[in-house]
Amino acid sequence: MTTFDSCRLPPSRRMKPVPAAKAPGEQAKSKGTRAGSPQGVQWGKSANLMVTFLEDPGASMKATVLAHMNAWGADPKVAVSFTEGAGGQIRISFVAGDGNWSEIGSRAKNVADDAATMNLDIDGISSTSIVRRIVMHEAGHCLGLVHEHMRQPLVDKIDPVRAIQHFANLNGWSEAETRRQVLTPIADADLLHDGGPDPDSIMAYFIPGSITTDGQPILGSTRPSARDIAFVARLYPGEP
Ligand SMILES: [Zn+2]
């Protein structure tokens, strides 16, 4: 089965050796995954970002990736764009087997200038809706969004024992990895958010009913939900 559930935090070894100065307390926050959008990782009132492809995936793949990323800016209330160019803030690799991941928002500035800030492990996926889901989900991370399924009310619905088995089978994850990626809840106090968690968000994993305590799945989506779009419009309203 082709899955989009393998999106994970990027490895910390990709950071610059000497990170930019951080405000007191920011270091601790920056270490974990945070759902919604963490305070301080937004790019500004607009996110007009340059995208550099570190490998050449071919003109067709480039066009597909840029189109899906720019779908976030399709709503006139959303001041977001992604343009290909050299020296981009967003640097995309296509390493097969490395999974799908992205830095969260402006934390990409802490990554070494020649290293990827995003990996797309999508070669060979024939489903256009799954490719759209993966690319828009990772672009959502670029904009500062994090995993919606990790907000406390949704984590509370997941059975840990069954989840650890499920993600070991699905992604080969260790217990520690599943605890890090799925079972560690996010405090609303750390986030900008628009209310309770959105189980239909493109930023939620698909969590099957077989591992939830009430037997109901968390569906996620292959398109941004209406709340996703409204929230990104709030993050990036453009200059007044
Ligand atoms: Zn993700």
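Analyst: This is a predicted model, and I start in the sheet, where Leu49 has Phe82 in β3 as its bridge partner. Strands here are DSSP runs of E with at least two residues, helices are runs of H or I with at least four, and both are numbered from the N terminus. Residues are numbered from 1 along each chain as its sequence is written. As the model is predicted, local features need pLDDT of at least 70 and side-chain atom pairs count only at pLDDT 80 or more, while totals for chains, interfaces and linings use all residues.

User: In which sense do β2 and β3 pair, and over how many bridges?

Analyst: Strand β2 (residues 47–53) runs parallel to β3, with 5 bridges between them; two strands pair if DSSP finds at least two bridges.

User: And what's the strand order of the sheet?

Analyst: The order is β3-β2-β4-β6-β5 in an open sheet of 5 strands with mixed pairing. β3 (80–84) and β5 (101–102) each have a single partner strand, so one side of each lacks a neighbour in the sheet.

User: Switching to helices, at what angle do α2 and α3 cross?

Analyst: The axes of α2 (residues 59–70) and α3 (residues 128–142), lines fitted to C-alpha atoms over the stretch in contact, cross at roughly 60° and come within 8 Å.

User: Which residues meet there?

Analyst: Thr64, Val65, His68 and Met69 in α2 meet Val131, Arg132, Val135, Met136 and Ala139 in α3, where contact means C-beta atoms, placed from the backbone, within 7 Å.

User: Where is pLDDT under 50?

Analyst: Over residues 19–35, pLDDT being the predictor's confidence in each residue, from 0 to 100.

Note on methods: Contact = placed C-beta atoms within 7 Å. Axes fitted to C-alpha atoms, helices over the stretch in contact; angles between N-to-C directions.
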